[in-house]
Amino acid sequence: MTRQKNQWDERYVSGDLPWDTGCPDTYLVQMVSRWPICRGLVLDIGCGTGTNSIWLAQQGFDVIGLDLSAEAIAIATKRAAEQGVSCRFTSSDFLDFEVEDWACFFLFDRGCFHSMPDEEARRAFAARAADVLSPGGLWLSMIGNIDDPLQDQGPPKLSARQIATLLEPFFEILNLQSCMIESRRGEPPRFWQCLLRKR
């Protein structure tokens, strides 16, 4: 895990962040505007430089931004302070993050679930997501799509069948839709927009 953390730190130091557009994720914005979500605790998993966490806080959510990279957390903390936004940022692994006497109403991850190294790790990620969500809580996950024509580059890619197999034991799939997401590098990658409700 230390090696993986160092690799992410290096990317944030070098600025090699094609996913970091500086704007809140389009599908996160659409989902928050269309679905009734209690303005309670939100966990932004893999929050990076804090763009989505800050936007969520501006919408009235109590936000915890979580990222493996301490460099990312430092940038996110500075940005939130500059914008006068209250967010809690912490450098931690989602699978090991200490959950005390609280539960989240909403989880968001823009490319963390699919980054787990194998199906066992992805299953553990899904189980952890279910653990930290309150009953009926929602999780929006942006997942690399195996139908992406850019097969040799970009994020890990999963099929709809893989996603359903891994997530349905823990979640009801409310929406699984192919989409293109914003990127700073050439043609935008194809993703799955996956909205889930805890069973």
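**Questions on a predicted chain**

In this predicted model, residues 24 or more positions apart make up 70% of the protein chain's contacts with a separation of 6 or more.

Reader: What makes a pair of residues count as a contact here?
Author: Their heavy atoms must lie within 4.5 Å. Leu56 is 24 residues from Val32 along the chain, and their C-alpha atoms are 8.8 Å apart.

Reader: Why is Val32 called buried?
Author: The cut-off for buried is under 20% relative accessible area. Val32 has 8% relative accessibility, so it counts as buried.

Reader: Where in the secondary structure is Val32?
Author: Val32 belongs to helix H2, which covers residues 26–34.

Reader: What share of the protein chain counts as buried?
Author: Of its 199 residues, 47% do. The protein chain also exposes about 9,700 Å², and 48% of that area is supplied by carbon and sulfur atoms.

Reader: How do you know that the radius of gyration agrees with that of a compact globule?
Author: The rule is 2.2 Å times the number of residues to the power 0.38. For 199 residues a compact globule would come out near 16 Å, and the protein chain has 16 Å, so the value agrees. The box filled by the C-alpha atoms, taken along the principal axes, is roughly 40 × 40 × 35 Å.

Reader: Which helices and strands does the protein chain hold, and in what pattern?
Author: There are six helices and seven strands. Along the sequence they follow α-α-β-α-β-α-β-β-α-β-α-β-β.

Reader: Why are strands E5 and E7 called paired?
Author: Pairing requires at least two bridges between two strands. Seven bridges join E5 (residues 133–144) to E7 (residues 190–198), so by that definition they pair. The two strands run antiparallel, and Leu138 stands opposite Arg197 of E7.

Reader: What makes E6 and E7 a pair?
Author: The same cut-off of at least two bridges applies. E6 (residues 171–180) and E7 have nine bridges, therefore they qualify. Their sense is antiparallel, and Leu176 has Cys194 in E7 as its bridge partner.

Definitions and conventions
Residues numbered from 1 in each chain as written. Predicted model: local features only at pLDDT ≥ 70, side-chain atom pairs only at ≥ 80, totals over all residues. Heavy atoms only, no water. Helix = DSSP H or I, 4+ residues; strand = E, 2+ residues; numbered from the N terminus. Buried < 20%, exposed > 50% of the residue type's maximum accessible area, 1.4 Å probe, protein only. Areas by Shrake-Rupley, 256 points an atom, 1.4 Å probe, with all protein chains shown as cover.
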